[in-house]
Amino acid sequence: MFDYFANPSRFMRIANRILIPLVILSLSTGAIGLYLGLFVAPADYQQGDTVRIIYIHVPSAWLALFGYVGLGLCGLFYVVWRHPLADIAARAIAPVGAVFALLTLVTGALWGKPMWGAWWVWDARLTSMLILFFFYLGFIALANGFDRAERGSRPAALLALVGMINVPIVKFSVDWWNTLHQPASLLRSGGPAIDSSMLTPLVLTLIAAHAYFAILVILRMRALLTERRLAALTLRPGVD
Amino acid sequence: MAEFFDMGGFGTYIWSSYGFAVICLGWLNYASWRKAKTTAEQLAILQAGKPTSPKTSE
């Protein structure tokens, strides 16, 4: 199956076909989710209206983490099988994941200040998320730090793999340590611990964020693949 | 309406969060579309010239 999808042109044909449905999915779930979250859902009994930050904070955090799992898997495929599509996918995921990680940190600070009284605390969840953001930046720097882009692919893929250690730390930091950050509300044993009036908009914005992430990654992969073809064409003698 | 934007006194924090999200995601979207578009255009220009170049060189 991997061989089937690993053909770049076949992969892009499939990806381009699902691009428009993804745009429609992202816009519709995002619009309904934000409407329900901002206008319909009640304020939290403890946190008041600040809970509405959850509809960007949690989807961003999920995507920053899932994006990193994707980056790590691409790193594995690249290191083991040297498949160029894994490198392209990793290079496409990294900046998108980095922006989602930054968004998680900034919206978290904006939520932390009114609720905890501090923009930032060196709490296990916050610190591991910051490290995740630095791993993304490190990947981008390594992948693009060479004259020929391909030379950076292997060290960057190795870095992405090393950073995978941090993924379970981010996820379980709230259980392993006594953190100021609240524990998981969605993916926990015993089911979600949120009332359906807040759960519905959250699930919708989560779907929207996943679709949005996929759109951006497809677009960036398309650009990177075209860039590689451009480089191959211009390097070939007699073409220019 | 003013009550809605005030968000129980937390409006500054909530709207800053949403504003930052719009700026980040909007910029990322714009940059990604633009890059996909410009590279595709460059490739089209190169490929349009391609079939003629081997003939002219012969």
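This is a predicted model: local features need pLDDT of at least 70, side-chain atom pairs count only at pLDDT 80 or more; totals for chains, interfaces and linings use all residues.
**Entry 1: α4 and α5 of chain A**

I began with helix α4 (residues 84–116) of chain A, which packs on α5(A) at an angle of about 150°, the axes lying 9 Å apart. Angles over 145 degrees count as roughly antiparallel, so I logged α4(A) as roughly antiparallel to α5(A). I noted a left-handed crossing where α4(A) passes α5(A).

Next I listed the contact residues. α4(A) contributes Arg91(A), Ala94(A), Pro95(A), Gly97(A), Ala98(A), Ala101(A), Leu102(A), Thr104(A), Leu105(A) and Gly108(A). From α5(A) I noted, among them, Leu126(A), Met129(A), Phe133(A), Tyr136(A) and Ile140(A). Sorted by class, the α4(A)–α5(A) contact has 16 nonpolar, 3 polar and 1 charged residues.

**Entry 2: α5 and α6 of chain A**

I then followed α5 (residues 124–143) of chain A to α6 (residues 153–163) of chain A. Their axes come within 8 Å and cross at roughly 170°. That angle makes α5(A) roughly antiparallel to α6(A). On the α5(A) side I found Phe135(A), Gly138(A), Phe139(A), Leu142(A) and Ala143(A). Facing them, α6(A) supplies residues including Pro155(A), Ala156(A), Leu159(A) and Gly163(A).

**Entry 3: chain B against chain A**

Last, I looked up the chain contact. Here 27 residues of chain B are in contact with 30 residues of chain A. On the chain B side, the elements giving two or more residues are α2 (11–49) and α3 (52–57). The largest share, 20 residues, comes from α2(B). By class I recorded 16 nonpolar, 9 polar and 2 charged residues on the side of chain B that touches chain A.

Terms used:
Residues are numbered from 1 along each chain as its sequence is written. Chains are lettered from A and ligands numbered from 1 in the order in which they are written. Two residues are in contact if their C-beta atoms, placed from the backbone, lie within 7 Å. Helices (H or I, at least four residues) and strands (E, at least two) are DSSP runs, numbered from the N terminus. Ala, Val, Leu, Ile, Met, Phe, Trp, Tyr, Cys and Pro count as nonpolar, Asp, Glu, Lys and Arg as charged, and the others, Gly among them, as polar. Axes are lines fitted to C-alpha atoms, for helices over the stretch in contact, and angles run from 0 to 180 degrees between N-to-C directions. Angles under 35 degrees count as roughly parallel, over 145 as roughly antiparallel, 65 to 115 as roughly perpendicular and the rest as oblique. A crossing is left-handed if the near helix is turned anticlockwise from the far one by less than a right angle, and right-handed if clockwise.
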